[in-house]
Amino acid sequence: MGSEFDFSGALITYISVIGSLLFAIITVSVAGSFVVGGKTGPLAVLSILRLAVEDWLSTSPRRIWAITKLTILEAIRRKALLVGVVFAVLFLFAGWFLAQPASDPEQQVKVYVAFVMRTIAFLIIPMVLLLSCWGIPEDIRVRSIHTVVTKPCRRQEIVIGRVLGFTAIGGLLLAIMGVVGYVWILRQLDAKGRERLVARVPVYGKIAFKDREGVDQKQGINTGDEWMFRSFIEGGTKSRMIWNFEGLDAFNLETADHLPMEAGFQVFRSYKGNMDRGITCQILVVNPDTEKRAVAPLVTSRDQAGKIEQTDNAFEVKEFRENLLQLARRVVDDEGNELDLFKDFVSKGRLRVEVLCLPTQQYIGAAGPDLFVRLPDKPFVVSYAKGLLGIGLLTLMIVVIGVCASTFVKGPVATMTTFFIVLVGATGRAFLDTIVDAKWVGGGAFESIYRIFAHLNPQTELPSTLPFKVMQLVDGAGVGFLRSVRYLFPDFKFFDLTPYVAYGFDVPWTNPVPPNSGALLPSLIITAGYLLPWIVLGYFSLRLRELEAK
Amino acid sequence: MESESVIEIRNLTKIYRDFWGRKKVRALNQLTLDVKKGEVFGLLGPNGSGKTTTLKLLLGLLFPTEGEVKILGEPATNVSKNERIGYLPEETYLYRFLNAEETLDFYGRLFNIPAQVRKDRAKELIEMVGLKHARRRQLREYSKGMTRRIGLAQALINDPDLILLDEPTSGLDPLGSRDMKDLIDKLKEKGKTVVMCSHLLADVQDVCDRIAILFEGDLKVLDRVDKLLVDEGVTQLKTSQLPENVIREVEEVLKRHGASLMNVDHPTSNLEDLFIKTVRESKERPGQRHVADGKPTAAS
């Protein structure tokens with residue numbers, strides 16, 4: 001389970017967007033300069049490009065470090081770190097409102113971890129947004145930039161130095177707050193809660209269903225909930241949920257006496273039954289190549305030496321909590337043959353697991369991530385650090401956008417611009433993609449307005465007369481504009497790694513779960529992809545403007 | 001032999017425009033002039049005459065509307081020219097949260113100067129501008145004069161060949177002003193080229209070899225100071241003290257040669273000299289003393 005981040009597709013899109021942008025900018029510049037200045041115009045454009053190349057070739061780490069150090073000193077001496085005091089105060093009193101010693105340890109971990117990570121993000125992000133948007137405009141306003149640009153300091157060194165400086169400030173605060181937050185979480189949790197501080201490492205499979213007749217289906221039964229994240233199978237029928245796992249050979253499972261799995265199924269009871277007991281389920285393991293199948297025995301007890309003592313062929317689903325399942329390695333098939341789970345059922349790293357609901361007229365439901373192979377846990381601090389890294393990358397992105405925006409507009413406008421880009425990138429990017437990729441029904445802005453006033457539903461076809469064609473043409477131009485600017489907005493959903501940490505999972509590098517949520521490598525790649533174009537934009541903005549405060 | 005031009009300005013025009021590109025003011029109009037290597041050049045003019053605009057065009061802080069500027073043989077927009085330039089802005093726009101040492105270290109790094117050289121040079125310059133006692137204080141605590149001094153130090157951190165000084169003596173007390181002028185003389189002795197703009201005419205007269213006077217963006221005068229100020233129609237003699245009868249005899253002699261004695265008096269020192277002399281004496285001999293009726297009393 002988990003959709004792979006499409007690196008090659010992303011790279012192709014990236015190259016095509018950057019290439020198109022460069023082509024458009026150079027074409028417009030050459031044409032515009034020719035109109036304004038005749039033959040000397042394009043020569044001037046070439047001269048600017050030559051100077052730009054010279055500037056970039058003369059980049060000096062020492063000068064960049066000078067600007068970085070200046071930025072850090074400026075932030076410290078202007079008391080930007082006071083935000084840490086706000087953090088400390090919040091934590092002094094947060095325990096009053098969040099402490100739930102009697103409640104479920106899992107809930108405690110979720111609440112405390114999410115609180116710490118969200119607080120850190122909500123304190124650092126506005127701080128770096130303001131710092132990065134006001135640094136250069138303030139330098140221009142008080143003209144201290146005159147003493148810098150009249151030295152052999154290149155404009156890109158100013159931009160990079162500023163970006164590094166503000167990021168360092170954000171990083172420093174992040175590290176301090178991260179350590180304080182970690183200690184605070186440990187102190188708030190009781191012993192049971194601390195045991196829950198883990199980073200589970202799941203291997204997800206792809207889910208499929210069979211209906212009561214045993215026919216393949218993409219989805220199970222909808223038990224009445226409109227939102228079909230989980231769908232259900234009916235007990236006592238041929239209906240089952242099927243997970244196809246891949247890549248299991250990459251993990252060293254050969255020495256284990258069981259395959260560790262975890263399930264989080266939902267139950268729908270069509271009659272009350274015995275409420276003290278869960279709904280019974282059974283797991284079948286299937287070799288995807290030979291179709292050899294057997295009921296998977298689940299380990300129920302071990303002796304003191306840790307050897308398997310007892311197994312059971314069924315288990316009761318505990319609702320709203322994790323069901324740890326140990327599929328014993330020794331499997332006996334219907335004919336009484338003793339088989340090995342890893343040798344006889346795992347083929348080329350692939351394994352199929354089928355789940356059946358045993359009681360009739362009862363239902364169990366699941367989505368793809370509700371059953372996974374649970375590899376040995378990592379220490380909680382690993383996922384916590386990865387989660388903080390996600391906040392750090394987000395900080396870097398905001399700093400880059402803020403610094404770049406501040407090179408061509410004043411502080412308040414740069415702040416609004418950056419805030420808008422962050423807002424759209426964090427909340428509206430999926431919506432923007434829906435519109436641009438023509439998945440939005442009901443037409444563009446003008447068509448939608450018309451439909452509202454004419455009381456037409458989105459599916460009704462419009463007359464193909466000239467006014468409607470013009471309206472759709474205008475809407476098309478609007479969509480074209482959105483298409484051209486959508487990549488200006490980084491997709492910030494990849495940066496939100498807090499849910500993994502709060503729910504006790506290791507932060508994945510590539511496979512976000514659910515699909516299109518956060519993952520570390522995509523956020524790293526997005527950051528790297530946006531970094532250079534924004535810095536280059538900032539460079540040209542500073543290079544081509546008169547640095548006189550107006 | 002004509003000496004090498006350090007600055008070449010050809011038909012330089014600057015028009016400030018508003019956001020919509022409409023012309024607001026013509027700050028500089030077809031300015032053409034050269035500054036030679038090793039000279040102290042003064043740009044004079046009333047407020048709004050285009051002095052600072054010229055300096056900013058030279059530094060690439062502004063872009064010309066028309067014309068061409070070459071500085072040390074390179075176009076003004078080339079950043080590499082800044083390696084050999086020192087610039088003291090009109091107001092000292094330094095980072096006020098840094099102290100003197102940090103300030104010079106920061107600007108030294110921008111010149112890629114190695115750490116030890118930077119440290120030695122900063123120490124030397126801080127001593128030279130008389131800020132050793134305040135080297136660890138943040139610039140926000142500095143007086144205007146002290147800020148000008150550290151501004152001058154940052155302009156010299158790279159031992160530049162060309163120094164551009166915008167109103168170098170503004171905000172300085174007479175002693176600081178004299179120090180600044182002495183320093184400009186020293187720079188000249190070292191073969192450096194100095195361009196300064198000022199509307200303090202006495203300062204310019206004291207230090208500049210050549211001047212240009214601008215008015216409303218137009219160049220009105222460009223020549224050597226001594227040549228511009230000399231009055232060829234008058235001859236001035238200075239002698240030791242003469243008795244009245246000798247003065248009358250001199251007058252007679254002059255009459256015989258068809259000339260007239262226009263003025264006879266005792267030369268006076270200027271207030272600047274008196275002030276500097278008093279302050280220096282006070283430093284050497286501390287204590288209360290005052291001047292009454294032109295006769296100083298002994299220090300108490």
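Visitor: Which domains does the domain assignment of chain A give?

Guide: Bear in mind that this is a predicted model. The assignment of chain A gives domain 1, made of the segments 58–196, 378–436 and 486–543, and domain 2, which covers 230–366. Taken over C-alpha atoms, the centres of domain 1 of chain A and domain 2 of chain A are separated by 42 Å.

Visitor: How should I read a sheet, and which strands form the open sheet with β17 in chain A?

Guide: The general idea is that strands of a sheet pair through backbone hydrogen bonds, and the pairing is either parallel or antiparallel. In chain A, three strands form an open sheet in the order β4-β17-β7, and here the pairing is antiparallel. The strands β4 (231–234) and β7 (266–269) of chain A are the edge strands, since each of them pairs on one side only. From one strand to the next, the twist averages 30°.

Visitor: How many bridges join β7(A) to β17 of chain A?

Guide: Four bridges join β7(A) to β17 of chain A, a strand of residues 362–366, and the two run antiparallel. To find a pair of residues on your screen, look for A:Phe268, which stands opposite A:Tyr363 in β17(A).

Visitor: Where does A:Gly235 lie, and why does A:Gly235 count as buried or exposed?

Guide: A:Gly235 lies in the loop between β4 and β5 (240–245) of chain A. To judge burial, one counts the C-beta atoms around a residue, and 20 or more within 10 Å make it buried. A:Gly235 has 23 C-beta neighbours inside 10 Å, and therefore it counts as buried.

Visitor: Which residues does A:Gly235 touch, not counting those up to four places away in sequence?

Guide: With those left out, A:Gly235 touches A:Cys357, A:Leu358, A:Pro359, A:Thr360, A:Gln361, A:Gln362 and A:Tyr363. Moreover, the C-alpha atoms of A:Gly235 and A:Ile364 are separated by 7.6 Å, although these residues are 129 residues apart along the chain.

Visitor: How many residues of chain A and chain B are in contact with each other?

Guide: Across this pair of chains, 27 residues of chain A are in contact with 24 residues of chain B. On the side of chain A that touches chain B, α2 (40–57), α3 (61–77) and α6 (144–149) of chain A each supply at least two residues, and α3(A) gives the most, with eight residues. By class, this side of chain A has eleven nonpolar, five polar and eleven charged residues.

Visitor: What helices and strands are there in chain B?

Guide: Chain B has nine helices and twelve strands, and buried residues make up 37% of its 300 residues.

Methods:
Residues numbered from 1 in each chain as written. Chains lettered and ligands numbered in written order. Predicted model: local features only at pLDDT ≥ 70, side-chain atom pairs only at ≥ 80, totals over all residues. Contact = placed C-beta atoms within 7 Å. Nonpolar A, V, L, I, M, F, W, Y, C, P; charged D, E, K, R; others polar. Pairing = 2+ DSSP bridges. Axes fitted to C-alpha atoms, helices over the stretch in contact; angles between N-to-C directions. Domains from an automatic or database assignment. Buried ≥ 20, exposed ≤ 12 C-beta atoms within 10 Å, placed from the backbone.
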